[in-house]
Amino acid sequence: MDVLKNSIFGKFLELNEVSHSGKLTHCMLLSQLFYKDRSKMVFKVFGHDVAFTEEDFHTITGHKIESSDYSFVDSRMNHLKERCFSEVKKGDDVCVDVEVCDEDAVKLAKIYLLEAVLLGKFEGRNISDRCMKVIDDEDLSVSFPWSNFIFDEFIYNLSHLLTTDSVKKKPIGRIPSYTSLGFPFLFNVWIMEVFNDFRQFSKYEDRGPIRMLSYLSIGYPKYDTFALFLYMSLFWFLSQILSV
């Protein structure tokens, strides 16, 4: 556990009692503006374009940003997969070296944190072959730009939530349910930092430069809060139309 806590994903084990508000995410998505640029999400709120960018994601999680080509990883052998997930005959020892087993256990824990928490994949989805190869190489795992990778996966899912066929086919007046993959709590943190109205639902205690560790959930926004937020945005929009 000590090794895991000091690893690249160890900071996520230090999170306070936090939870994601689906209503808060949905409220923001209703004001989303769509661009071909997939490096950010832009929202029209109170007449201003507010962007959720990779830099925001980086400062909240503390993970590095780097523009590098890591495609060379794809040509590597997946030794971790062979060691831990290959077919083993009954009666054969899976691992004899206890130290190696402990090392692999930490690597599997990292994969779990990445796949189940940060990427929020559905059960039954295959684990990324590239991620397993990167995590199996300790030096590469430390230098790999996880912020870029996680952000790209997260923002792709987040930006398409209201455009999927299952959502668009719902009758008007019936708000559909949908699943946000990735780690949407980080998106909630950004919303609370940008809009004062939502800060009342969290407690902030400065715990260093990684901002996600400083938040503690103390409540959930209710319909009245969202209604006022959306009403003010709509009021500004109509005032702009009438003034033209």
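Which residues in helix 2 are buried? In helix 2, they are L24, T25, H26, C27, M28 and L29. Buried here means under 20% relative accessible area, with a 1.4 Å probe and protein chains only. Six of the eight residues of this helix are buried, so helix 2 is largely enclosed by the rest of the structure.

A word on the source. This is a predicted model, in which local features need pLDDT of at least 70 and side-chain atom pairs count only at pLDDT 80 or more, while totals for chains, interfaces and linings use all residues. Residues are numbered from 1 along each chain as its sequence is written, and side-chain values use heavy atoms, with hydrogens and water left out.

The chain has 11 helices and five strands, taken as DSSP runs numbered from the N terminus: helices are H or I with at least four residues, strands E with at least two. Of its 244 residues, 38% count as buried.

Let me return to helix 2, where L29 lies. L29 has 3% relative accessibility and therefore counts as buried. Contact means heavy atoms within 4.5 Å. Leaving aside neighbours within four places in sequence, L29 is in contact with M41, F43, L158, L161, L162 and Y178. L161 is 132 residues from L29 in sequence, yet their C-alpha atoms are 8.3 Å apart in space. For the chain, 68% of contacts between residues at least 6 apart in sequence join residues at least 24 apart.

Three strands form an open, antiparallel sheet in the order 1-2-3, where two strands pair if DSSP finds at least two bridges between them. The edge strands, each pairing on one side only, are strand 1 (32-33) and strand 3 (48-53). Helix 10 (residues 185-194) packs on this sheet and touches strand 2 and strand 3. The direction of helix 10 makes about 145 degrees with that of strand 3; axes are lines fitted to C-alpha atoms, for helices over the stretch in contact, and angles run from 0 to 180 degrees between N-to-C directions. Strand 1 is joined to strand 2 (residues 40-45) by two bridges, and L33 has V42 as its bridge partner in strand 2.

Finally, the core. A nonpolar core is a set of buried Ala, Val, Leu, Ile, Met, Phe, Trp, Tyr and Cys residues joined through side-chain atoms within 4.5 Å. The largest holds 52 residues, of which F9, F43, F52, L114, W146, F187 and W190 touch the most other members. Helix 2, strand 2, strand 3 and helix 10 are among the elements that each supply at least two residues of this core.

Definitions and conventions
Buried < 20%, exposed > 50% of the residue type's maximum accessible area, 1.4 Å probe, protein only.
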